[in-house]
Amino acid sequence: MEDSSTRLCFGHDGHDASWKQWIEALAVSKNGTLDRMLLNLLQQDELFRWHAVALNVVGYAVALVLILWLSWKFYYTPFVWKRDLTDIGYNHVLDNEGIGRNDKKRAHTINRLRRLRRVGQRIPPPYPNGWYGVLESEALAVGQAKSVDCLGQNFVVFRSETGEVNVLDAYCPHLGANLGVGGVVRGDCIECPFHHWSFSGRDGQCTNIPYMKSGSIPKTAKLKKWKSLEANGFIFVWHHVDDSVEPWEMKIVPEVEDGQWVYYGRNEFLVNAHIQDIPENGADVAHLSAVHGPNCMSGSDLRTYRPAWAEFGMHAWNASWFAPEESDPPHIARMDLKHSFKFFKKFEFCTVDVKAYQIGPGYVQLMMQTGLGPMVALQTVTPVEPLVQKVIHRFYAPRNLGNAFFQKFAIWAESVMFERDMMIWNHKQFIDSPLLIKEDRLIKSYRKWYSQFYSENSTSYTLAKENLDW
């Protein structure tokens with residue numbers, strides 16, 4: 001005769017009974033105390049099993065949600081790469097002196113290097129005539145005002161309550177308060193934070209003095225209104241020493257303006273150089289192989305950017321620069337460029353065809369055709385000091401999964417390549433009459449073309465520098 005324990009452990013056929021059968025057997029067993037203990041243990045074990053299953057399900061669900069959230073962030077979040085004035089090109093000295101990134105002596109050491117630099121003689125005027133990007137559109141909300149210092153000027157840039165952008169001189173003619181620091185947008189006017197005088201964004205005229213009891217507002221209570229426009233993700237200001245000269249029409253990228261292409265990211269740099277040096281690289285085709293030939297994976301430090309391990313792949317460039325033809329707008333030059341990445345100097349990969357349009361002294365549109373389709377990089381170069389340029393690139397392309405990966409890589413790679421140029425610019429001397437050979441003829445053509453943006457009355461480098469030294 002089978003006892004209860006036998007019935008619990010084995011079926012009549014000698015095989016293991018199921019958990020359910022075991023529990024049922026315990027429930028009918030006459031061995032009360034032992035059976036109840038075993039029943040409780042088995043019920044607890046069953047409960048633990050269900051807890052484990054539930055925890056696994058929750059864990060998988062959390063992991064899935066996290067993966068989906070990270071994928072969404074990667075797909076929709078723009079990639080941003082930003083470098084300050086002291087970040088690039090000074091490690092050769094900082095390393096020798098044992099100065100780290102957070103060392104208080106870092107800024108002092110770099111400023112000393114900048115003062116000791118022989119910048120050259122006969123330096124061109126630092127603020128050529130043309131359109132300049134002073135802000136990115138997304139940086140100025142409706143009803144917001146910002147102080148912007150560049151081109152030897154102090155601007156207040158504000159967006160009216162109807163969304164229109166206005167640019168005025170920053171300093172109130174009353175007692176000199178900066179309207180960009182605490183000024184309040186009221187309709188299409190900006191109100192001074194000091195005494196609440198209001199100035200119209202349409203013409204700069206004062207429209208209200210709240211405590212004035214009698215008389216009329218003086219006509220001289222007026223701020224200079226700067227010509228401005230908003231296009232291609234930037235707010236531009238027209239800067240020309242002759243106020244009577246009409247600005248040229250801005251070249252629009254339709255796919256950016258109408259939203260067909262999406263914004264994938266940006267980079268931003270401060271460069272210690274004259275503005276003319278930066279776009280001159282477009283005509284200096286010989287530097288492409290020298291500076292940008294080595295593998296981008298080896299980084300931007302010119303001291304270490306040619307390691308042996310990176311020679312498996314090199315960047316190949318074929319470029320030419322063109323001054324405008326007689327029938328073309330005189331302020332637009334063009335560079336044609338073909339890039340490819342070569343494995344072991346034989347197998348080409350990642351071919352990109354580029355048409356770069358240099359529009360005036362400080363704006364470039366790089367129209368590119370890649371294996372994933374078209375894209376554009378928009379570059380602004382704006383002098384914030386005579387020899388300090390703020391350079392921004394914004395990247396746009398159609399929205400698709402391939403571009404979500406490629407565009408972020410392209411922004412990173414372009415940033416590395418630009419930083420290599422920065423190591424040169426931050427320490428080079430401007431040479432008015434360089435020693436050029438026949439193969440450098442495009443540089444000569446470029447300088448002739450660029451000279452149209454200087455006027456007889458352009459602010460000289462010496463005067464611009466003196467205005468900052470006080």
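Visitor: Before we start, what am I looking at?
Guide: This is a predicted model, where local features need pLDDT of at least 70, side-chain atom pairs count only at pLDDT 80 or more, and totals for chains, interfaces and linings use all residues. Residues are numbered from 1 along each chain as its sequence is written, and side-chain values use heavy atoms, with hydrogens and water left out.

Visitor: How do the rings of Phe 341 and Phe 343 pair?
Guide: Their planes are at 80° with centres 5.2 Å apart, so that pair is edge-to-face.

Visitor: And Phe 343 with Phe 349?
Guide: Those planes are at 50° and the centres 6.2 Å apart, so the pair is tilted.

Visitor: Is Phe 341 buried or exposed?
Guide: Phe 341 is buried, at 9% relative accessibility. Phe 343 is partly exposed at 29%, and Phe 349 is exposed at 51%. The cut-offs are under 20% relative accessible area for buried, over 50% for exposed and in between for partly exposed (1.4 Å probe, protein chains only).

Visitor: Switching topic: which residues have the most contacts inside the largest nonpolar core?
Guide: Phe 155, Val 157, Val 271 and Trp 321 do, in a core of 74 residues. Helix H9 (residues 401-425) gives the largest share of this core, 7 residues. Helices here are DSSP runs of H or I, at least four residues, and strands are runs of E, at least two, numbered from the N terminus. A nonpolar core is a set of buried Ala, Val, Leu, Ile, Met, Phe, Trp, Tyr and Cys residues joined through side-chain atoms within 4.5 Å.

Visitor: What does Trp 321 touch?
Guide: Its partners include Met 335, Leu 442, Tyr 446 and Trp 449, not counting residues up to four places away in sequence. Contact means heavy atoms within 4.5 Å. Trp 321 also belongs to an aromatic cluster whose members include Trp 131, Trp 238 and Tyr 454.

Visitor: Last one: where does Met 297 lie?
Guide: Met 297 is in the loop between helix H8 (286-292) and strand S14 (313-322). Met 297 touches Trp 309 and Trp 412, again leaving out residues up to four places away in sequence. Between Met 297 and Val 416, the C-alpha to C-alpha distance is 8.6 Å, with 119 residues of sequence separation.

Methods
Rings of Phe, Tyr and Trp (its six-membered ring) pair if their centres lie within 6.5 Å; planes under 30 degrees apart count as stacked, over 60 as edge-to-face and the rest as tilted.
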